[in-house]
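Please examine the model shown below before working through each solution.

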Amino acid sequence: MLARLGTLGRYILEVWFFLARILYFRWYNARYILIIGGPGSGKSTMASRLEARLGIKHLPMGDLFRREIRNNTAIGRATKANVASGKLASDWHTFRLLYREMRKREYCNGAIIEGVPRTLIQAKKLELLLLFWGHKIDTIAILEVSEADLLERLPNRRICSNKDCGRTYHLKLNPSKVAGICDKCGSALEQRPDDRPEIVSDRLAIFNANAAEIQAFYAHARNVVRVTMDNDTSVDDAFLNLLYAIEQAG
Ligand SMILES: [Zn+2]
């Protein structure tokens, strides 16, 4: 049906959708929280707990890319090639995916965004994307975990193999109730291929190369909260600290 509309028809439809989204999402008073932290800092765990607590949908960028790779889409194939050569997913693909995802109705309350931005340019583009829809990032939460602790965390991370669930565990810090089985859906847990020890240090190097610039970009932003944790901090404590900091800021 869309093909029969022609270019002008699709353009009108897009403009109409854009205006409708602004009105609709405004009405819901959308709130956007950005979670930043190194690989293994607990972004996904914290975001899914915040989702349950605040009723704002968790938007895990990494999972969106993994879904594209699984479905073998054009974006998935390009990203797989990038990752295989030690690069990040391209900005173009990142924002196409984000744009597509954030148009969905589930995000009418806003989003808890995690896994993006990976670079300074992406940080700027994310602001622009939200501005385009008449929004801004309300809170930026930075999870601070030392590199030594991250190196210890990643190889112990386990992910639910059910792709619709995808809950994250840690063998020591956040274990499942029954070893190897997801608490939420009962599927088997598995190790993510990029959490293998030989790849972890490369990922940390990529993260560190961009982290300082991104943090500097947000340094003067309002509503930045920092939550420091180490490998002796329980997930519950870390979450309560984060929730308190976010509520104080927002
Ligand atoms: Zn599960």
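**Exercise 1.** In the parallel sense, over how many bridges do S2 and strand S3 (residues 110–114) pair?

*Solution.* In this predicted model, S2 and S3 are joined in the parallel sense over 4 bridges.

**Exercise 2.** Determine the strand order of the open sheet and identify its edge strands.

*Solution.* Step 1: the open sheet consists of 5 strands, arranged in the order S2-S3-S1-S4-S8, with parallel pairing. Step 2: strand S2 (57–60) and strand S8 (224–228) each pair on one side only, and these are the edge strands. Step 3: on average, and with direction ignored, neighbouring strands of this sheet are turned by 20 degrees against each other.

**Exercise 3.** Classify the packing of helix H2 (residues 43–54) against helix H9 (residues 235–249), and describe the contact.

*Solution.* Step 1: the axes of H2 and H9 come within 10 Å and cross at roughly 60 degrees. Step 2: H2 is therefore oblique to H9. Step 3: the crossing in which H2 passes H9 is right-handed. Step 4: H2 contributes Thr45, Met46, Arg49, Leu50 and Arg53 to the contact, while H9 contributes Val235, Phe239, Leu242 and Leu243.

Notes
Residues are numbered from 1 along each chain as its sequence is written. This is a predicted model: local features need pLDDT of at least 70, side-chain atom pairs count only at pLDDT 80 or more; totals for chains, interfaces and linings use all residues. Axes are lines fitted to C-alpha atoms, for helices over the stretch in contact, and angles run from 0 to 180 degrees between N-to-C directions. Helices (H or I, at least four residues) and strands (E, at least two) are DSSP runs, numbered from the N terminus. Angles under 35 degrees count as roughly parallel, over 145 as roughly antiparallel, 65 to 115 as roughly perpendicular and the rest as oblique. A crossing is left-handed if the near helix is turned anticlockwise from the far one by less than a right angle, and right-handed if clockwise. Two residues are in contact if their C-beta atoms, placed from the backbone, lie within 7 Å. Two strands pair if DSSP finds at least two bridges between them.
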